[in-house]
Amino acid sequence: MSSSTPVYKRVLLKVSGEALMGSQGFGIDVAVADRIASDIAEARRMGVEVGVVVGGGNIFRGVAVASKGGDRVTGDHMGMLATVINALALATSLRKLDIDTVVLSAIAMPEICESFSQRQALHHMDQGRVVIFAGGTGNPFFTTDSAGALRAAEIGAQAIFKGTQVDGIYSADPKKDPDATRFERLTHSEVLEKGLAVMDVAAVALARENAIPIIVFSIHEKGGFGQILTGGGLKTIVTDN
Ligand SMILES: Nc1ncnc2c1ncn2[C@@H]1O[C@H](COP(=O)(O)OP(=O)(O)OP(=O)(O)O)[C@@H](O)[C@H]1O
Ligand SMILES: O=c1ccn([C@@H]2O[C@H](COP(=O)(O)O)[C@@H](O)[C@H]2O)c(=O)[nH]1
């Protein structure tokens, strides 16, 4: 069921880093960043306060270093820096649309963007700005999904919207198993017990602990975020009961 009024006041949108590369094999396709920005702008016009965490998979993942015998922590540092690059790109796209946007990084780089603190995040969100949380959690051995769950809890988001490559959570990875079927609803515990790998375990556990629903949807559909916010679109909803 869909209406034109969103049921959410404040949400955390996790934007897939991989999605930002579009049909390229690497990096940022500006047209894709612009399109995702227009979806966020639409959510703002609906009156929804939006915090954003961007992934870094289009540029670098720490496991790539570790799998070749390199130092995992250094690799993760490189991955976190990749998320800052993506955050700056998305902020640029949002500002082109006159959307007041601030980037807060978990890793201090004051010449480039503000540093993250919960107080500053809440201040900017209360001012109606889109806040992009860069640098993941600031710690290695985590992912931006965990950063999404963490920031969602810190800003009091009513839900985490994971905008990814697939339109929901399936019985198996739909990119690998053509027979996989999509779930309409799941509990956090079911996602963990069934080992559904659309999101990492730490992120789902943190969302469960804080009773924050997770909505998994495809970031590739133009207008898709707005549709999901108003109850429509293809998705999987994860709640605590
Ligand atoms: N049971 C499942 N249901 C749905 N997707 C799954 C499942 N198991 C694995 N996946 C895969 O998980 C991917 C999403 O995970 P991941 O967090 O790595 O990507 P992302 O968030 O889109 O990218 P990035 O890490 O660059 O931000 C999907 O694209 C899908 O192929
Ligand atoms: O809290 C965090 C978040 C991310 N990383 C590293 O960055 C890359 C990119 O993030 P994705 O979530 O995979 O898009 C990730 O693979 C880690 O290497 C991190 O160390 N800590």
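Is Arg 61 buried or exposed, and how many other C-beta atoms lie within 10 Å?

Reply: This is a predicted model, in which local features need pLDDT of at least 70 and side-chain atom pairs count only at pLDDT 80 or more, while totals for chains, interfaces and linings use all residues. Residues are numbered from 1 along each chain as its sequence is written, and chains are lettered from A and ligands numbered from 1 in the order in which they are written.

Arg 61 is buried, because 20 other C-beta atoms lie within 10 Å (buried means 20 or more such atoms within 10 Å of the residue's own, exposed 12 or fewer, partly exposed in between, with C-beta atoms placed from the backbone). Its place is the loop between strand S2 (49-54) and helix H2 (62-66); helices (H or I, at least four residues) and strands (E, at least two) are DSSP runs numbered from the N terminus. Not counting residues up to four places away in sequence, Arg 61 touches Gly 56 and Gly 79, contact being C-beta atoms within 7 Å.

The UniProt record, an unreviewed entry, lists Arg 61 and Tyr 170 among its "binding site" positions; such annotations may be inferred rather than shown by experiment. The listed positions span 160 residues in sequence and the farthest two C-alpha atoms are 23.7 Å apart, so they do not all gather at one spot.

Tyr 170 lies in the loop between strand S6 (159-164) and strand S7 (185-187). Tyr 170 is buried, with 20 other C-beta atoms within 10 Å. Leaving aside neighbours within four places in sequence, Tyr 170 is in contact with Ala 180, Thr 181 and Arg 182.

Conventions. Two residues are in contact if their C-beta atoms, placed from the backbone, lie within 7 Å.
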